[in-house]
Amino acid sequence: MSRSLPASAAASISLRSGIAFILVGGCATALHYLTAFACVVLFAVPVLAASGIGFVLSAAANYLANARFTFRSAAAHRSAAPRFAIVACSGLALNSILLAQGMAAGLGAVPAQILATIGVLIWNYLASALWTFRRRRQ
């Protein structure tokens, strides 16, 4: 028995949105690192706090850019933002699981992290396209 995605869900998945998702994520990561660096170097903020500030700022930018550019979402922020937070937190959990499993399987930390990152990227894209920013039927 073949099950296909509803047209409204499939419309959210495309090569264009996949590439945009990767570019937005790369920019958000750069913003995270630059913010953390600036907090530490310019304002003597402790590293963990600086990273947290960078993470929050980059997550907000990531959400807004993905809603606007990647998925061109018309969803209300009151419904999409909590979904984005759930997907982001589940991505963090998945990263930890995949990293631990990769290292338990004998991979070094760097190869295990690369594989975990790929897995989380795929998860985050699909969850964002099919749930967080999914185009609803008109």
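Reader: Which helix is A81 found in?
Author: A81 sits in helix α4, which covers residues 77-104. Helices here are DSSP runs of H or I with at least four residues, strands are E runs of at least two, and numbering goes from the N terminus.

Reader: What kind of model is this?
Author: It is a predicted model: local features need pLDDT of at least 70, side-chain atom pairs count only at pLDDT 80 or more, and totals for chains, interfaces and linings use all residues. Residues are numbered from 1 along each chain as its sequence is written, and side-chain values use heavy atoms, with hydrogens and water left out.

Reader: What is the mean pLDDT of the chain?
Author: The mean is 91, and 90% of the residues reach 70 or more. pLDDT is the predictor's confidence in each residue, from 0 to 100.

Reader: Which element has the lowest mean pLDDT?
Author: Helix α1, residues 7-10, at 58. Helix α2 has the highest, at 96. Where pLDDT is low, the predicted coordinates should not be read in detail.

Reader: How many helices and strands in the chain?
Author: Five helices and zero strands. The order from the N terminus is α-α-α-α-α.

Reader: How many residues apart are A81 and F133 along the chain?
Author: They are 52 apart, and their C-alpha atoms are separated by 9.4 Å.

Reader: Where is N95 found?
Author: N95 is also in helix α4. N95 counts as buried, so its 18% falls in that class.

Reader: How much of the chain counts as buried?
Author: 29% of its 138 residues.

Reader: And W131, where is its place?
Author: In helix α5, residues 109-132. W131 is partly exposed at 34% relative accessibility. From W131 to S12 is 119 residues in sequence and 9.5 Å in space, C-alpha to C-alpha.

Reader: Which residues make the nonpolar surface patch?
Author: I13, L107, V110, I114, L115, I118, I122 and L126, over about 680 Å². One of them, I114, lies in helix α5 and is partly exposed at 48% relative accessibility. Patches are made of residues with over 30% relative accessible area and no salt bridge; like charges are joined within 9 Å, and nonpolar side chains (Val, Leu, Ile, Met, Phe, Trp, Tyr) within 5 Å. Areas come from the Shrake-Rupley method with a 1.4 Å probe; for residues, only the protein chains shown count as cover. A salt bridge is a side-chain nitrogen of Lys or Arg within 4 Å of a carboxyl oxygen of Asp or Glu.

Reader: Which residues gather in the patch of positive charge?
Author: R16, R68, R72 and R135, on the surface. Lys and Arg count as positive and Asp and Glu as negative, with His and the chain ends not counted. A charge is placed at NZ of Lys, CZ of Arg, CG of Asp or CD of Glu. R16 is in helix α2, residues 15-43, and is partly exposed at 34% relative accessibility.

Reader: What about phi at R72?
Author: Positive, about 45°, although R72 is not a glycine. R72 lies in the loop between α3 and α4 and counts as exposed at 52% relative accessibility.

Reader: And phi at A44?
Author: Also positive, about 55°, and A44 is not a glycine either. A44 is in the loop between α2 and α3 and is exposed, with a relative accessible area of 64%.

How values were computed
Buried means under 20% relative accessible area, exposed over 50%, partly exposed in between (1.4 Å probe, protein chains only).
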